Amino acid sequence: MGKGSKEMTVVHGLDLNRYIGRWYEIASIPSFFQPRDGVNTRATYSLNADGTVHVLNETWSRGKRDSIEGSAYKANPNNDEAKFKVKFYVPPFFPIIPVTGNYWVLFLDPDYTYALIGEPARSYLWILSRTTHIDDELYNQLLEKAKEEGYDVSKLHKTPQADPPPASDGASPTDKKGIWWIKSLFGK
């Protein structure tokens, strides 16, 4: 099955109240604005008053906590497909330049404990879990699901996760300028 040969299957009827919270990245085909050497990568979602979702992505690179914030919203509010747009404001440019991407929930277990996230060009893919590790059998099932959706899973990189995960309360040195996102944009 080649790229773009069929429309990807997405989750219907996603319950945002159950989906919000912290998700750990188990593996990814990284987006261009993720650092290549990131570990302990995770996303924390919370509901905004206007119905959009606040997104906090964190990773640790060379011992420093790096983060970027954005917001997600339904691509089409009139249907129940779990297709979202995520907008990040990428520093340190001035004026701040928004980078918008697709966030499609391709698979989600009934207990909302693990998820497969993709986007229509099949360039990026994320396996997310509520825990820092998943067993090999489950991982392989998610790989099979990604293959069914037309992904080249040989491009997936497993994300190292510490157990217990690091705190994000400023206990680690922080790259406050977001320079890492810009460097990774240009592959530096």
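Reader: What does Tyr151 touch, leaving out residues up to four places away in sequence?

Author: Quite a list: Met8, Ile29, Leu106, Gly118, Glu119, Arg122, Ser123, Tyr124, Leu125 and Ala146. Take Gly118 from that list: Tyr151 and Gly118 are 33 residues apart along the chain, and their C-alpha atoms are separated by 9.1 Å.

Reader: Now a lysine. Why is Lys145 called buried?

Author: Lys145 has a relative accessible area of 17%, and buried means under 20%, so Lys145 gets the label. Lys145 sits in helix 2, which covers residues 136-148. Beyond four places in sequence, Lys145 touches Thr9, Leu106, Phe107 and Leu116.

Reader: What stands out about the phi of Asn40?

Author: Phi of Asn40 is near 55°, a positive value in a residue other than glycine. Most residues other than glycine have a negative phi. Asn40 belongs to strand 2, residues 39-47. At 10% relative accessibility, against a cut-off of under 20%, Asn40 is buried.

Reader: And Arg62, buried or exposed?

Author: Exposed. The label needs over 50%, and Arg62 has a relative accessible area of 74%, so Arg62 passes. Its phi is near 55° too, again positive in a non-glycine residue. Arg62 is in the loop between strand 3 and strand 4, in a hairpin with two residues between the strands.

Reader: How do you know that strand 3 and strand 4 pair?

Author: Count bridges. Two strands pair when there are at least two bridges between them. Strand 3 (residues 53-61) and strand 4 (residues 64-74) have nine, in the antiparallel sense, so by that rule they pair.

Reader: What about strand 2 and strand 3?

Author: Also antiparallel, over seven bridges; with a threshold of at least two, they therefore count as paired. Ser46 stands opposite His54 in strand 3. This hairpin has five residues between its strands, and Gly51 in the turn has a positive phi of about 90°.

Reader: What makes strand 3 "mostly covered"?

Author: Eight of its nine residues are buried. For the protein as a whole, buried residues make up 45% of the 188 residues.

Reader: Which classes do the lining residues fall into?

Author: Ten are nonpolar, with no polar and no charged residues.

Reader: What makes the bond from Asp163 to Pro164 cis?

Author: Omega is near 5° for that peptide bond, and it is cis. Most peptide bonds are trans. Pro164 is in the loop between strand 9 (157-158) and helix 3 (179-185).

Reader: Over which residues does pLDDT stay under 50?

Author: Residues 175-188. The model has 29 contacts beyond four places in sequence for that stretch. Where pLDDT is low, the predicted coordinates should not be read in detail. Across the protein, pLDDT averages 85, and 80% of the residues score at least 70.

Reader: And which pattern does the protein follow along the sequence?

Author: The order is α-β-β-β-β-β-β-β-β-α-β-α, from three helices and nine strands. Of the contacts with a separation of 6 or more, 57% link residues 24 or more positions apart.

Definitions and conventions. Residues numbered from 1 in each chain as written. Predicted model: local features only at pLDDT ≥ 70, side-chain atom pairs only at ≥ 80, totals over all residues. Heavy atoms only, no water. Helix = DSSP H or I, 4+ residues; strand = E, 2+ residues; numbered from the N terminus. Nonpolar A, V, L, I, M, F, W, Y, C, P; charged D, E, K, R; others polar. pLDDT = per-residue confidence, 0-100. Contact = heavy atoms within 4.5 Å. Buried < 20%, exposed > 50% of the residue type's maximum accessible area, 1.4 Å probe, protein only.
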